Amino acid sequence: MKVLLVYCNSVLENALPISISQLVSCLKESGNEVDLFDTTFYPWSANSAAENRINALQIKPFPIDQYLDSNLYEDFADKINHYQPDIIGFSVVEPTFKFGMRLLESVRSIITSNKIKVIVGGIHAIFAPETITHYDLVDFICISEGEIAFPELCQRLKRGESVDDIKGFWKRNGNSWIQSPKADIVNINKLPHLDFSLFHPSFLRKPMMGKMYNTVSIELTRGCPYRCSYCGDHGLRNLFKGQGPWYRMKEMDVIFKELESYIKNYQAEFVYCMSESFAVGKPKRLREFCERYKSYSLPFWFNTRPEDITEEKVKFVKDAGCKRISIGLESGNEEFRNKVLCRHGNNELIVKAGKILHDYGISFSVNIIIGFPDETREMILDSVDLCRKLKPDAVSTHIYNPYFGTELRKRCVEKGYIDENLISEDFFQDYILKGNSISKKEVLGLFRTIPLYVEMPENEHKRVEAAEKFTVEGDRVFGDLKKEFYTMKGW
């Protein structure tokens with residue numbers, strides 16, 4: 001079968017994706033021909049995530065010159081006409097779902113005239129398949145991991161066999177749907193190596209600590225052992241109960257065979273170790289990884305949680321070549337973080353983690369989310385205060401969105417902050433909760449000024465507060481502070 005995968009990606013978010021890259025290799029291994037249409041470098045939204053982060057002082061400015069000049073929709077139609085696929089598979093997350101369906105609708109005549117099968121998969125399809133059923137061009141909705149289920153579907157279609165009973169999919173049956181059960185959890189140690197070959201070479205070029213590097217992604221674990229209320233991993237754990245353990249660790253031999261392949265094939269200069277919390281658990285596994293990794297002499301970065309940071313673990317990663325760590329903090333209000341976000345651990349422990357990283361000279365950034373349901377301005381300023389104590393190299397602020405599959409979305413619906421059918425879109429450009437304890441203007445104003453609050457001395461915080469306002473005077477003050485901020489950071 002000829003399969004065209006469509007990566008509906010946020011603009012210029014060019015970290016090599018595990019999901020699509022794994023599907024490519026699995027589909028090829030099972031004998032299918034595969035091609036890719038990637039939306040990353042088309043300016044389909046108002047601003048790219050990179051531009052929004054630059055404007056909000058989160059990252060050092062760099063030239064935004066990667067946009068494609070051609071028309072997205074015309075290019076998509078041309079791709080289908082030229083490649084003539086049997087199947088088109090859309091991979092969507094909630095922020096890109098509506099965009100993906102607009103892209104699908106734009107080629108309606110081509111799909112219907114050529115009788116092309118359409119599959120929609122990705123995390124949004126798993127959590128909210130009912131939101132996809134009314135799109136009449138969609139034939140299948142993948143409600144499971146696709147690495148095994150998708151190639152099996154292709155094989156059955158190729159052989160002309162019935163797919164009514166295939167696990168892992170909803171199948172269109174006229175105006176109704178055959179809802180098959182979920183497929184079993186995938187054994188990530190049995191999968192072929194990721195295949196990045198269909199992505200544009202610029203996908204490898206990623207800004208890191210002020211420079212551009214050829215960066216490859218490698219999956220170390222899948223799932224998360226934690227149960228945060230704002231995150232979909234907890235929902236996935238519950239959704240796949242009975243299909244196998246959602247949290248899985250990849251075997252070391254498998255990891256390093258993959259790494260050697262990626263270094264050889266993609267000339268890697270930096271490695272992103274993909275894991276929901278890289279340093280979780282006892283030190284033994286981390287020590288083994290670091291001891292084996294040393295021989296590659298490649299800098300790497302990863303995400304983790306502050307409560308998983310210890311001096312012993314930091315020494316391991318430092319010796320192995322770790323250059324950057326992203327720490328998920330989310331909220332600096334200890335009570336709110338524990339009771340509402342279901343993230344346990346005290347602020348004293350978090351500050352200690354920051355001190356350890358400073359002592360070992362490892363650059364780190366802190367991720368926070370603002371605008372949670374029932375969060376107040378004072379709680380957000382608690383996050384600022386904690387960041388000031390941590391003294392990170394950067395703060396990445398995200399605007400809260402109530403995604404399907406999360407416990408916190410239920411709270412938003414129950415309290416009337418959102419309509420139960422709402423589909424969230426861009427978390428960098430808008431705030432969609434209505435009637436919350438903090439307003440949209442306040443959230444957007446804080447979004448652009450959090451790094452100023454963290455970096456500027458307290459006697460400047462009145463000016464920073466003035467810069468939150470989207471007025472002529474507020475913009476003027478923000479512009480002045482931005483210049484001072486750039487000087488402080490050496491930008």
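The structure holds 28 aromatic pairs. The model is predicted. Its largest nonpolar core has 119 residues, and the disulfide count is zero.

**Aromatic pairs and cluster**

- The ring centres of Phe196 and Tyr262 are 5.3 Å apart with an angle of 50° between the planes, so this pair is classed as tilted.
- Phe196 sits in the loop between strand S7 (176–179) and strand S8 (205–208), while Tyr262 belongs to helix H9 (residues 252–266), so the pair ties together parts that are 66 residues apart in sequence.
- Both Phe196 and Tyr262 are buried.
- Another tilted pair is formed by Tyr293 and Tyr296, with 6.1 Å from centre to centre and 50° between the planes.
- Tyr293 has a relative accessible area of 0% and is therefore buried.
- One aromatic cluster takes in Tyr293 and Tyr296 together with Phe256, Phe278, Phe289, Phe300 and Phe302.

**Charges over rings**

- Arg448 is placed over the face of Phe478, at 4.5 Å from the ring centre.
- Lys182 is placed over the face of Phe240, at 6.0 Å from the ring centre.

**Nonpolar cores**

- Within the largest nonpolar core, of 119 residues, Phe289 and Phe300 touch the most other members.
- Helix H16 (residues 440–455) supplies the largest share of this core, eight residues.
- Leaving aside residues up to four places away in sequence, Phe289 touches Leu220, Met252, Ile255, Phe256, Cys273 and Phe278.
- Another core, of 41 residues, lies apart from the largest one; among its members are Val6, Leu103, Val120 and Phe240.

**Cysteines**

- With a sulfur–sulfur cut-off of 2.5 Å, the count comes to zero disulfides.
- Cys8 is in no disulfide, and the nearest cysteine sulfur, that of Cys142, is 15 Å away.
- Cys8 counts as buried because its relative accessibility is 3%.
- For Cys290, the closest cysteine sulfur is in Cys322 at 8.2 Å, which is too far for a bond.
- Cys290 also counts as buried, because its relative accessibility is 1%.

**Helix H14**

- Helix H14 (residues 377–390) has 14 residues and reaches 20 Å from its first C-alpha to its last, close to the 20 Å expected at 1.5 Å a residue.
- The buried residues of H14 are Arg377, Met379, Ile380, Ser383, Val384, Leu386, Cys387 and Leu390.
- An α-helix has 3.6 residues a turn, so residues three or four places apart point the same way.

Conventions: Residues are numbered from 1 along each chain as its sequence is written. This is a predicted model: local features need pLDDT of at least 70, side-chain atom pairs count only at pLDDT 80 or more; totals for chains, interfaces and linings use all residues. Side-chain values use heavy atoms; hydrogens and water are left out. Helices (H or I, at least four residues) and strands (E, at least two) are DSSP runs, numbered from the N terminus. The expected span of a helix is 1.5 Å times one less than its number of residues. Buried means under 20% relative accessible area, exposed over 50%, partly exposed in between (1.4 Å probe, protein chains only). A nonpolar core is a set of buried Ala, Val, Leu, Ile, Met, Phe, Trp, Tyr and Cys residues joined through side-chain atoms within 4.5 Å. Contact means heavy atoms within 4.5 Å. Rings of Phe, Tyr and Trp (its six-membered ring) pair if their centres lie within 6.5 Å; planes under 30 degrees apart count as stacked, over 60 as edge-to-face and the rest as tilted. A charge sits over a ring if NZ of Lys or CZ of Arg is within 6 Å of the ring centre and within 35 degrees of the ring normal.
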